[in-house]
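My entries follow the order in which I checked them.

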Amino acid sequence: MQARWNSVSCPLQIGVYVHHFGQILRLMSKMMNMPSKPPVIFPQEQRMLARLGERIRLARLRRQLSSAAIAARAGISRTTLYKVELGDPGITLGTCLRVLAALGLDQDFDQLAADDHVGRRLQDLALDRAAASPRRRTARRSGAHSPSSDEETP
């Protein structure tokens, strides 16, 4: 016996298709917003990331923790942890922080760019220039109205 479309089930089935089509459109929209190319990274920066990844891997091994355990603690996949340990430049800063927190090294993250020697020197130079330049006062215009001079006190 062949299945027949009746007037009651047809709108329900169309509604299911419309729902799935909406999900597909939302997924495609998210994919369109993703960067098409990995970030440009210079060789020196890549070496720095690789050294950071190696230090993270060594910290995990010293603690005798498996990649699956750290990945689970950090809430990421083992593949993502592998990318962190390789120094992949596409890994987000948040992912790095979660891995460091899973290893108990999140306080180290707080030390990044903590002592800004160049910025402080530039700030000091700007303050020195501001102190050395004479202040220019704006002269009051003649006929300027001062509310306190016109008021009479009873």
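These are my notes on the chain, from overall make-up to single residues.

I am working with a predicted model, where local features need pLDDT of at least 70, side-chain atom pairs count only at pLDDT 80 or more, and totals for chains, interfaces and linings use all residues. Residues are numbered from 1 along each chain as its sequence is written, and side-chain values use heavy atoms, with hydrogens and water left out.

Secondary structure. I counted eight helices and zero strands. Both are DSSP runs numbered from the N terminus: helices are H or I with at least four residues, strands are E with at least two. From the N terminus on, the order reads α-α-α-α-α-α-α-α.

The chain exposes about 13,700 Å² (Shrake-Rupley method, 1.4 Å probe). Carbon and sulfur atoms supply 57% of that area.

Contacts. I took contacts as heavy atoms within 4.5 Å. Among those between residues at least 6 apart in sequence, 52% join residues at least 24 apart.

Backbone. Which phi value did I find for Gln64? Phi is near 55 degrees, positive in a residue other than glycine. Gln64 sits in the loop between α2 (43-62) and α3 (67-74). Gln64 is exposed (over 50% relative accessible area), at 72%.

I then checked Ala113, where phi is near 55 degrees, again a positive value in a non-glycine residue. Ala113 belongs to the loop between α6 (106-109) and α7 (117-132). Its relative accessible area is 76%, so Ala113 is exposed.

Conventions
Buried means under 20% relative accessible area, exposed over 50%, partly exposed in between (1.4 Å probe, protein chains only).
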